[in-house]
Amino acid sequence: MDERKHDKNVSENEVKPFQPSVNFVEQAKVKDDSLYREAENDRLAFWSKMAENIEWMEKWDQVLDDQNPPFYKWFINGKLNVSVNCLDRHVNNGRGDKQALLFEGENGDTVSLTYKELLNEVCKFSNALKGLGIGKGDAVTIWMPMIPEAITAMLACTRIGAVHSVVFGGFSPEALKDRIKDSESKLVITADGANRRGKEIPMRSAAEEALDQSPTVEKVIIVERTGTSYQPKEGRDLLWEDLMKDAEDSCEPEIMDAEDPLFILYSSGTTGKPKGILHTTGGYLVGVDTTFRYVFDHREEDIYWCTADIGWITGHSYIVYGPLSAGSTTFIYEGTPDYPARDRFWELIEKYKITIFYTAPTAIRSFMRWGNQHPDKRDLSSLRLLGSVGEPINPEAWLWYHEHIGNANCPIVDTWWQTETGMIMITPLPGVTGLKPGSATMAFPGIEADVVDDQGNSTGPGQRGFLVIKSPWPAMLRTLYKDPERFENTYWKQYPGLYFTGDGAWKDGDGYFWIMGRVDDVLNISGHRIGTMEVESALVEHPSVTEAAVIGKVHEIKGHSITSFVTLKEGVEGSDDLVQELKAHVGKKIGAIARPEEIFFTYELPKTRSGKIMRRLLRDIAEQRDLGDVTTLMDPQVVSAIKEGYKEK
Ligand code: WTA
């Protein structure tokens, strides 16, 4: 270990990059900058070549249609099926007996499915779906724990051309209801319950009201995972097992156009209403297949573990579609890293001989705090590559990860991307890129990223600005579901012709990107996206609340935590009980991840003269910084009142 790098005061610019070992480079898929040069020479020819890794039923006539920006289209007139690419083609190529999916439950039960077996399961479930009248273009909501059936359900939707909308299992039934409504799903797939730290978390019974109040839902399919009881609704509720029992195990795949919708994934934006991010079939698959192979330097014998939940984009792209399209073995775990003990993840790496491990900085910071003794007592020597995603990784966490999990021997790919981008955009190539702890390094070949100032001009080295993408890429979102106007306004209006990411960033003298986090009203809590406005709308729905402002406060483990400032209705007194009630209320409206850590009552919120809440000031108060310019405030006294109130707490 190079001692210099432990010194946090060494500026990022001066750190000598960590180079991959000779041994790693020798076996790496990419060893030099040829891929970058190839893509620079002719970006579309590069993507066209990458698309050759996919099995098409009919080849496309044109790589990119950019006639109607920002509504770009990729692989025009290409026909394909995603499940065929993720399953059939590997079986047909003689890899039918290779493990596709490995699963371990929280209580130690296991499932192992070969490509052939997973294909059979997917075909059976596809037939079950068809039997229920689900077909091409129908929306299906999946609200499930991390169990193999969730992946089978996703792949079956792609086989028959149904559009899935996976809702994170940790979102509340009310949040589920909103998403079912927006997507107009005819079918919901769920479970009786989920296992969480030794407890059963009810799902189907918890969703009773949400389902009853969803008029579009004709059928509900339930996987029996925990044995948690619920009242089945006759004629609507069906058991997974019953449907699978008699289903045929072969199913003709639907022929899909490259631009047919593949899935919707709701993500937080800057209003109270989540955005239905729409991805289509061909470009998405090319994007995740290519990045999975190169960023993770995929080899035939790899056992790959991404710790995300399938309810987030990372689960879609890098648990399911990328790894299976590349013919990898993807491992999933049902539970949390600290149950039954804090070495659970390391135990699993030892047991399954995981070679590639992809997780989030918030998890790494928890591991650090729990202590080295947990990973140290396990054999982690199977690991050869580590990854990080979801938020900026602080150099200290990077170094700990490198040393204690990677034994100073595994490259770390710090991958920057978004639900919208569908695929990894800024990342090292592990056999090529020198790594600087805390930097996601450089744009993936074929991706043009930059940092620009307010005017949209490139900033110089060291100058902060906004991260943008300068040209379309295959896995880009195509629109916001049923809201093309919001799609244009959110991403394409700030800088005409450029995709606005919502992140602040700077580039160093070597051209490395350093991402600073969101510049809009989106929070990143433990690597999960939550909109300030969503939490605010949940709070103001409570009968005691008049107005609420929500901010992200820097948090040691979570990156940010939610702090909210609330004004109460006349005659309502703030109390600890009310704080608890409001926290529970937000949990009910959105889910536990959105519960504010702190709630403060104030007689007024600081606003500009035009009535805009000044969140910057609230952040400064919460983080106890000197307040900057307050001259634009409507009522400067509000600030001192809030400040006093905050100190007293
Ligand atoms: C942040 C998750 C720094 C960023 C894949 C982005 C990151 C948001 C990184 C998207 C990273 C993700 N370094 N920041 N490596 N990866 N982010 O849509 O702010 O859940 O805009 O997608 O996470 O979050 P989302």
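Trainee: What should I know before starting?

Mentor: This is a predicted model, in which local features need pLDDT of at least 70 and side-chain atom pairs count only at pLDDT 80 or more, while totals for chains, interfaces and linings use all residues. Residues are numbered from 1 along each chain as its sequence is written, and side-chain values use heavy atoms, with hydrogens and water left out.

Trainee: How many residues surround the ligand, and which are the closest?

Mentor: A residue is near a molecule if one of its heavy atoms lies within 4 Å of it. Here 17 residues surround the ligand, and the closest are Asp414, Thr415, Thr419, Asp503 and Arg518. By class, the shell has six nonpolar, six polar and five charged residues (Ala, Val, Leu, Ile, Met, Phe, Trp, Tyr, Cys and Pro count as nonpolar, Asp, Glu, Lys and Arg as charged, and the others, Gly among them, as polar).

Trainee: Which polar backbone atoms lie by a nitrogen atom of the ligand?

Mentor: A polar contact is a pair of N or O atoms within 3.5 Å. A ligand nitrogen is 2.7 Å from a polar backbone atom of Thr415, and a ligand nitrogen is 3.4 Å from one of Pro392. An oxygen atom of the ligand lies 2.9 Å from an N or O atom in the side chain of Gln418. Taken alone the ligand exposes 530 Å², of which the protein buries 97% (areas by the Shrake-Rupley method with a 1.4 Å probe).

Trainee: At what angle do helix H5 and helix H6 pack?

Mentor: Helices are DSSP runs of H or I with at least four residues, and strands are E runs of at least two, numbered from the N terminus. Axes are lines fitted to C-alpha atoms over the stretch in contact, and angles run from 0 to 180 degrees between N-to-C directions. H5 (residues 115–131) and H6 (residues 148–160) pack at about 65°, their axes 8 Å apart. Contact means heavy atoms within 4.5 Å; among the residues making it are Leu118 and Phe125 of H5 and Leu155 and Ile160 of H6. The contact residues divide into 11 nonpolar, two polar and three charged.

Definitions and conventions:
A polar contact is a pair of N or O atoms within 3.5 Å; within protein, one must be able to donate a hydrogen and the other to accept it, and residues adjacent in sequence count only if both atoms are side-chain atoms.
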